[in-house]
Amino acid sequence: DNSSEFIPQCRTCRRQAREQSGEGDHHEGLSSDEELTPTEVDEFQKSKDNVLEDSRKIFEDVHADFCDIRKILLKFQEWKEKFPDSYCDAYISFCLPKLLNPLIRVQLISWNPLEQNFTELEEMPWFRAIEEFSDAGNVSESK
């Protein structure tokens with residue numbers, strides 16, 4: 001297997017190139033392959049901004065009742081209360097994750113748990129709406 005020999009050779013070549021060019025700010029153990037150039041950072045930021053802008057337009061033409069998780073879950077809660085047999089026969093509890101998935105994914109596009117001041121999932125509006133819906137189901141049913 002040549003891959004185990006290849007990595008040390010690459011490191012040696014990069015170290016020699018740094019020594020010849022006079023770069024002395026490299027810290028052993030840090031990979032220069034993981035460092036982004038300012039151009040790459042700018043390109044990434046532009047790409048990220050474009051994705052975020054496009055994501056804001058996804059539900060522009062959708063009626064408010066069908067792009068708000070709380071309103072959607074309220075409709076299902078009404079169905080569950082008025083027609084429990086039909087609700088159960090339709091296996092709604094299995095369908096809801098697939099139904100809500102696109103709505104949640106759009107809200108998570110800009111979420112980054114690696115940022116210093118990120119919002120916990122449990123604090124997000126969609127999470128609380130689902131939690132309230134689940135709790136409402138537990139109140140009406142025996143535990």
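Two residues are in contact when heavy atoms of theirs lie within 4.5 Å. That meaning of contact applies throughout this account of a predicted model.

The protein chain has 143 residues, of which buried residues make up 14%. Its secondary structure comes to 6 helices and 0 strands, so that from the N terminus on the elements run α-α-α-α-α-α. Among the contacts with a separation of 6 or more, 53% are accounted for by residues 24 or more positions apart.

V106 has its place in helix α5. Is V106 buried, exposed or partly exposed? Its relative accessibility is 21%; because buried means under 20% and exposed means over 50%, V106 counts as partly exposed. When residues up to four places away in sequence are not counted, V106 touches S55, I58 and F59. A related separation can be given for L52: V106 and L52 are 54 residues apart in sequence, while their C-alpha atoms are 9.1 Å apart in space.

The account now turns to helix α3, which comprises residues 69-82. This helix has 14 residues, and at 1.5 Å a residue it should span 20 Å; the C-alpha atoms at its ends are 20 Å apart, in agreement with that expectation.

Which residues of α3 are buried? They are I69, I72, L73, F76, Q77 and K80. Viewed down the axis of α3, these buried residues fall within an arc of 140°, and they therefore line one face of the helix. K75, E81 and K82, on the other side of α3, are exposed.

The relation between α3 and α5 remains to be described. Two packed helices are described by the distance between their axes and by the angle between those axes. Helix α5 comprises residues 92-108, and its axis and that of α3 come within 11 Å and cross at roughly 170°. Because of this angle, α3 is roughly antiparallel to α5; the cut-off for that description is an angle over 145 degrees.

Residues from both helices can be named where the two meet. From α3 these are I69, I72, L73, F76 and W79, and from α5 they are I92, L96, L99, L100, L103, I104 and Q107. Of the α3 residues in this meeting, I69, I72, L73 and F76 also belong to the buried residues of that helix.

Methods. Residues numbered from 1 in each chain as written. Predicted model: local features only at pLDDT ≥ 70, side-chain atom pairs only at ≥ 80, totals over all residues. Heavy atoms only, no water. Helix = DSSP H or I, 4+ residues; strand = E, 2+ residues; numbered from the N terminus. Expected span 1.5 Å × (residues − 1). Buried < 20%, exposed > 50% of the residue type's maximum accessible area, 1.4 Å probe, protein only. Arc of directions from axis to C-beta. Axes fitted to C-alpha atoms, helices over the stretch in contact; angles between N-to-C directions. Parallel < 35°, antiparallel > 145°, perpendicular 65-115°, else oblique.
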